[in-house]
Amino acid sequence: MVGRSKQREQAFLLIFQDIFGGEYSEAIELLSEETEPVGDFAKALFVGVKENADELDSIIEAHLSSWKLKRIPKVNLAILRLAIYEIKYVEDVPASVAINEAVELAKTYSGKEDASFVNGVLGAYVRGLE
């Protein structure tokens, strides 16, 4: 059984690939062939993000300072969509966990400065919820 952190990473990879288009069932199949089978949690996250992408993008854009959504690197956009979806829709994932996992994904797939950017956007979003 694949843990939630790994499934979150799988979801991120699917979301990132989806930004460039393609059939999601094909993406899941490809990822399953390349690594381990895609978990149910990862699939649920991916589908949820895909179905709510416009709303998630509006939330992201509302919490950007001096940035436009189209200027955000696609990697960071995928990470932010995933984290905001988890914070907003996945009840058993605390916001702090979603933020920490997003920052770790940014460190792995983007860079240190991008991790700070992701943390800042997500922090602004969560502060707005309080």
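At what angle do helix 6 and helix 7 pack, and how far apart are their axes? Before answering, I noted what I was working with: a predicted model, where local features need pLDDT of at least 70, side-chain atom pairs count only at pLDDT 80 or more, and totals for chains, interfaces and linings use all residues. Residues are numbered from 1 along each chain as its sequence is written, and side-chain values use heavy atoms, with hydrogens and water left out.

**Helix 6 against helix 7**

I found that helix 6 (residues 95–109) and helix 7 (residues 112–129) pack at about 160°, with their axes 8 Å apart. That makes helix 6 roughly antiparallel to helix 7 (angles over 145 degrees count as roughly antiparallel). Axes here are lines fitted to C-alpha atoms, for helices over the stretch in contact, and angles run from 0 to 180 degrees between N-to-C directions. Helices are DSSP runs of H or I, at least four residues, numbered from the N terminus.

I looked up the handedness too: helix 6 and helix 7 make a right-handed crossing (the near helix is turned clockwise from the far one by less than a right angle). From helix 6, A95, I99, A102, V103, A106 and K107 meet D114, A115, V118, N119, L122 and V126 of helix 7; contact means heavy atoms within 4.5 Å. I sorted the residues in this contact of helix 6 with helix 7 by class and got nine nonpolar, one polar and two charged. In that scheme Ala, Val, Leu, Ile, Met, Phe, Trp, Tyr, Cys and Pro are nonpolar, Asp, Glu, Lys and Arg are charged, and the others, Gly among them, are polar.

**More on helix 6**

Which residues of helix 6 are buried? My list reads A98, I99, E101, A102, V103, L105 and A106, where buried means under 20% relative accessible area. The buried residues of helix 6 pack against helix 1 (4–19), helix 5 and helix 7.

I stopped at E101, a charged residue in helix 6. E101 counts as buried because its relative accessible area is 18%. Leaving aside neighbours within four places in sequence, E101 is in contact with S5 and R8.

**Helix 1 against helix 3**

Next I checked helix 1 and helix 3 (residues 40–51), which pack at about 35° with their axes 8 Å apart. Helix 1 passes helix 3 in a right-handed crossing. On the helix 1 side the contact is made by R4, Q7, R8, Q10, A11, L14, I15 and D18, and on the helix 3 side by D40, F41, A42, L45, F46, V49 and K50. I counted eight nonpolar, two polar and five charged residues in this contact of helix 1 with helix 3.

Beyond neighbours within four places in sequence, F16 is in contact with K74, V75 and A78. F16 and A78 are 62 residues apart in sequence, yet their C-alpha atoms are 5.2 Å apart.

**A loop residue**

Last, I looked at S66, in the loop between helix 4 (53–62) and helix 5 (74–89). Its phi is near 65°, a positive value in a residue other than glycine. Most residues other than glycine have a negative phi. S66 is exposed, at 75% relative accessible area (exposed means over 50%).

Definitions and conventions
Helices (H or I, at least four residues) and strands (E, at least two) are DSSP runs, numbered from the N terminus. Angles under 35 degrees count as roughly parallel, over 145 as roughly antiparallel, 65 to 115 as roughly perpendicular and the rest as oblique. Buried means under 20% relative accessible area, exposed over 50%, partly exposed in between (1.4 Å probe, protein chains only).
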